[in-house]
Amino acid sequence: MPKKRVKKPRSKSARVVGAYRTDVSLALTWLDNNEVLKSIGKIEKVGDRYVSNIKIKSKSSKSKAAELVSAKFGRFVRVV
C-alpha cells in the first residue's frame, strides 16, 4: 500500500509590491484596517520596486488580501 503524502499547509506569508514607497505603505495600512495582517516587515527597495513581507492572519487568506488590494489600488500595488 503506497504511503499517503503529507500536504504542506498553505502559505500565510506574502509580499506587497509597488512602484512607490507611499503606495506600499497605503496598501499595508488598508490591509491592517481590514484585519488581514498578523505582522508587517520593513519596506525595502528591490531593483526599481518597493517590497514588504507580510504575514496573514489564520482567518484570512492570501487571495483575500490580493482581492482587497487590487480593488482599492488597481495595478499600482499587488500581493504576490
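Residues are classed here as buried under 20% relative accessible area, exposed over 50% and partly exposed in between, using a 1.4 Å probe and protein chains only. By this criterion, buried residues make up 29% of the 80 residues in the chain. The structure is a predicted model, in which local features need pLDDT of at least 70 and side-chain atom pairs count only at pLDDT 80 or more, while totals for chains, interfaces and linings use all residues. Residues are numbered from 1 along each chain as its sequence is written, and side-chain values use heavy atoms, with hydrogens and water left out.

The secondary structure comprises 2 helices and 4 strands, where helices (H or I, at least four residues) and strands (E, at least two) are DSSP runs numbered from the N terminus. Along the sequence these elements follow the pattern β-α-β-β-α-β. With contact defined as heavy atoms within 4.5 Å, residues 24 or more positions apart account for 59% of the chain's contacts with a separation of 6 or more.

In soluble globular proteins, nonpolar side chains tend to be buried together. A nonpolar core is taken as a set of buried Ala, Val, Leu, Ile, Met, Phe, Trp, Tyr and Cys residues joined through side-chain atoms within 4.5 Å. The largest such core holds 17 residues, of which Val16, Leu28, Leu31 and Ile54 touch the most other members. At least two residues of this core are supplied by each of β1 (13-18), α1 (21-33), β2 (37-46), β3 (49-56), α2 (62-73) and β4 (77-79). The largest share, 4 residues, comes from α1. Beyond its neighbours within four places in sequence, Val16 is in contact with Val24, Ala27, Leu28, Leu31, Tyr50, Val51, Ser52, Ile54, Val77, Arg78 and Val79.

Isoleucine 43 is placed in strand β2 and counts as buried at 18% relative accessibility. Its C-alpha lies 9.0 Å from that of valine 16, at a sequence separation of 27 residues. Leaving aside neighbours within four places in sequence, the contacts of isoleucine 43 are Arg21, Val24, Ser25, Leu28, Tyr50, Val51 and Ser52.

The two helices α1 and α2 pack with their axes 10 Å apart, at an angle of about 125°. Axes are lines fitted to C-alpha atoms, for helices over the stretch in contact, and angles run from 0 to 180 degrees between N-to-C directions. This angle makes α1 oblique to α2; angles under 35 degrees count as roughly parallel, over 145 as roughly antiparallel, 65 to 115 as roughly perpendicular and the rest as oblique. On the α1 side, Leu26, Ala27, Trp30 and Leu31 meet Ala65, Leu68, Val69, Lys72 and Phe73 of α2. The residues of this contact divide into 8 nonpolar, no polar and 1 charged, with Ala, Val, Leu, Ile, Met, Phe, Trp, Tyr, Cys and Pro counted as nonpolar, Asp, Glu, Lys and Arg as charged, and the others, Gly among them, as polar.

Several loop positions were also examined. Alanine 19, in the loop between β1 and α1, is partly exposed with a relative accessible area of 28%. Apart from neighbours within four places in sequence, alanine 19 is in contact with Asp48, Arg49, Tyr50 and Phe76. The C-alpha atoms of alanine 19 and phenylalanine 76 are separated by 6.9 Å, although these residues are 57 residues apart along the chain. Aspartate 48 lies in the loop between β2 and β3 and is exposed at 59% relative accessibility.

Glutamate 35, in the loop between α1 and β2, has a positive phi of about 55° although it is not a glycine. At 45% relative accessibility, glutamate 35 is partly exposed. Serine 60, in the loop between β3 and α2, is buried at 6% relative accessibility. Outside the four places on either side in sequence, serine 60 is in contact with Lys12 and Val36.

Lysine 38 belongs to strand β2 and is exposed, with a relative accessible area of 60%. Not counting residues up to four places away in sequence, lysine 38 touches Lys55, Ile56 and Lys57. Lysine 38 and isoleucine 56 are 18 residues apart in sequence, and their C-alpha atoms are 5.2 Å apart.
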